Amino acid sequence: MCGIVGYTGKQNVEKQILDALELLEYRGYDSAGMAIMDDLTGQIQVRKCAGRVSDLRNVWCQNLVSGRCGIGHTRWATHGGVCDENAHPHRVGRITLVHNGIIENYEALKDHFGLADQLVSETDTEVVAALLNHFYTGDPHQALVETVKWLKGTFALVVIFEDIPNVIFAIRNVSPIVAAYHKNGTMLASDVAALGGQADRYLVVPEYHVVELHQDAIQIYDMEDRLCEPEFLEIDWDTTRDGKGQYPFYMEKEIMEQPEVIEKTLSSRLVDGHLSLEADGVPDEVLKACERICVVACGTAMHAGLVAQNMVRSILRMPMDVEYASEFMYMDPVIDEKTLVLAISQSGETIDTLEALKYARRQGAKSIAVINVKGSSIARESDYVMYTAAGPEIAVASTKAYTTQLAALFVLVGRMAVVRGVFDEAAEKTFVNGLVQAPEAMQKVLDRREEIHHIARGLLEAKDAFMIGRGLDYSILLEGALKLKEISYIHTEAYASGELKHGTIALITEKTPVVALVTQERIRDKELSNIREVQSRGASVVLLVKDGIKLNQEDYDHVFMLPAMADGMMPFPASAALQLLAYYVSMDRGLDVDKPRNLAKVVTVE
Ligand code: M6R
């Protein structure tokens, strides 16, 4: 979490920093700040405040400074509450720095070096600034190297020294930093999104190396102070931001883009009507040799894994576990060289997923990452990568990233079925025919979004809600419930409908609306019986049902017919309907749909 940025060059730095911070705001938006080397006085001027980058712009306007070198930060609070003092940059002595990550031993360092008197905030970061100041005697490299030797935890540190004009220093462990030549200068940031279309190439700063940014040069040194050759990568990822267009929020735009990006995700993997992972470079041997599959992922990405698990079990008849990446290492996972680990992540930077993947690889597992952001840490760490073609996803609530993950995972499972002899040609054809209908089925739901808007009005006053279904429907609803709770703040639980009566049904009253999903023909009767059980306790029911499933519509408060597809493909239209439901509830409650409270788009702390 947290977005960090630095620029040194010939242009006015405040514009570079503020624009880049806006592009990085999805990493955290509790507070924002920047430090600039004042052209007139040579001194470092810090401006910071609780709130958004737009608030920082206002603070800046009230107290302008002009300069050509500076650093900036947008925060997701870890240590210390959301207030001006805890916002970054932090300054101690000649040091001013911003930080992304967590310093686990900051209390011990504070005591050991007697730094408490120099601190004004509650943050771990300010302790690092004080420690660096303690070690700084004029040699920045020596001070940085000495400081990080003492740090336990993850960090991306970007530093300016008051007596070294127009040079930015950085060093990192785990938390990412990229650097690039920029028009008229050089720049670094937490990720390529901040480059905003102003660079063609970038380098990933290696861990435990000191990077120096000058106005016309980027230099990297190892811990023994030897100059290293930087390795630049092409940016084949659209870092320009074309805005929200006609939509009030990015989330709506991204929901509406789904048919197109799912088609894109599928197209390179459907070759002459056959499923292919050739373009991804995934050898058939890897798909054949594994004996079990394990997904490591978080949040929405983990829910995509749960949908895939249904398919793996029903089609491949293989064991598959889906684990919270954050719990993985502590649950003694059964992983060996016969395990295929799937690391699923939109950002490719989620630290829990990254660490789980590293752990699995240490046990000998082979890995495929399903990733949206090109060249991200998880993509680089994995044996093979399948990129989704979602394009930049800006809204914190994931929508198109999720459904493109599903598309990629469906191709993977289908291809495994082919190479393992589960699918003959006819079965592959049926599967492919089903899959290629997904964009159209989603489009049909999107075209009827006003119906869902109408249904959403019935949820506006709810404090609690339930979403119920069985089997695949339950997996789909876990994601639907996450969407509703994270952006509308309605406490929503997805529940396996048959399980309700074992305790949770005690919570059902006329004040707890229930969203029921029925898309699987073979369990229709049982699902409908479970819906009757909640209706008998007074709950109003919104029913999302696959067109063609027989029922009496008058029995429900609202019914939305989902376009019929093969049962296994129903996650696509069903997810679109659930996303829209959450979206309209949030919007009509007057909330900031794209930036829900307490959240960040990229989660780089454990
Ligand atoms: O970038 P990742 O896909 O690894 O992120 C994992 C979760 O933080 C993420 O899916 C989160 O749950 C969603 N943004 C919620 O909508």
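Modeller: Start with alanine 129. Leaving out residues up to four places away in sequence, alanine 129 touches His90, Val92, Ile95 and Leu97. Alanine 129 sits in helix H4, residues 124-135. Keep in mind that this is a predicted model.

Biologist: Why is alanine 129 called buried?

Modeller: Buried means under 20% relative accessible area. Alanine 129 has 0% relative accessibility, so it counts as buried.

Biologist: How far is alanine 129 from serine 529?

Modeller: Their C-alpha atoms are separated by 62 Å. Along the chain, they are 400 residues apart.

Biologist: Now lysine 400. Why is lysine 400 called buried?

Modeller: The cut-off is again under 20%. Lysine 400 has a relative accessible area of 3%, so the label is buried. Lysine 400 belongs to helix H13, residues 400-419.

Biologist: What makes the pairing of lysine 400 with glutamate 257 a polar contact?

Modeller: A polar contact needs N or O atoms within 3.5 Å. The side chains of lysine 400 and glutamate 257 make theirs at 2.6 Å. Lysine 400 also touches other residues, including Glu254, Val261 and Pro392.

Biologist: Which residues of helix H5 are buried?

Modeller: In H5, residues 140-150, they are Pro140, His141, Ala143, Leu144, Val145, Thr147 and Val148. These buried residues pack against H4 and against strands S7, S8, S12 and S13. At the start of H5, a side-chain oxygen of aspartate 139 comes within 3.1 Å of the backbone nitrogen of histidine 141.

Biologist: Are cysteine 2 and cysteine 228 buried or partly exposed?

Modeller: Cysteine 2 has 7% relative accessibility, so it counts as buried. Cysteine 228 has 23%, so it is partly exposed.

Biologist: What stands out in the phi of tyrosine 208?

Modeller: Phi is near 50 degrees there, a positive value in a residue other than glycine. Most residues other than glycine have a negative phi. Tyrosine 208 lies in the loop between strand S11 and S12. At 29% relative accessibility, tyrosine 208 counts as partly exposed.

Biologist: And why is aspartate 332 called exposed?

Modeller: Exposed means over 50%. Aspartate 332 has 65%, so it counts as exposed. Its phi is also positive, near 45 degrees. Aspartate 332 is in the loop between helix H10 and strand S20.

Biologist: What kind of peptide bond joins histidine 88 and proline 89?

Modeller: A cis one, with omega about 0 degrees. Proline 89 is found in the loop between strands S4 and S5.

Biologist: How many residues surround the ligand?

Modeller: There are 15, with Ser345, Gln346, Ser347, Thr350 and Glu486 the closest. By class, six are nonpolar, seven polar and two charged.

Key
Residues numbered from 1 in each chain as written. Predicted model: local features only at pLDDT ≥ 70, side-chain atom pairs only at ≥ 80, totals over all residues. Heavy atoms only, no water. Near = heavy atom within 4 Å. Nonpolar A, V, L, I, M, F, W, Y, C, P; charged D, E, K, R; others polar. Helix = DSSP H or I, 4+ residues; strand = E, 2+ residues; numbered from the N terminus. Buried < 20%, exposed > 50% of the residue type's maximum accessible area, 1.4 Å probe, protein only. Polar contact = N/O pair within 3.5 Å; in protein donor to acceptor, adjacent residues only side chain to side chain. Contact = heavy atoms within 4.5 Å.
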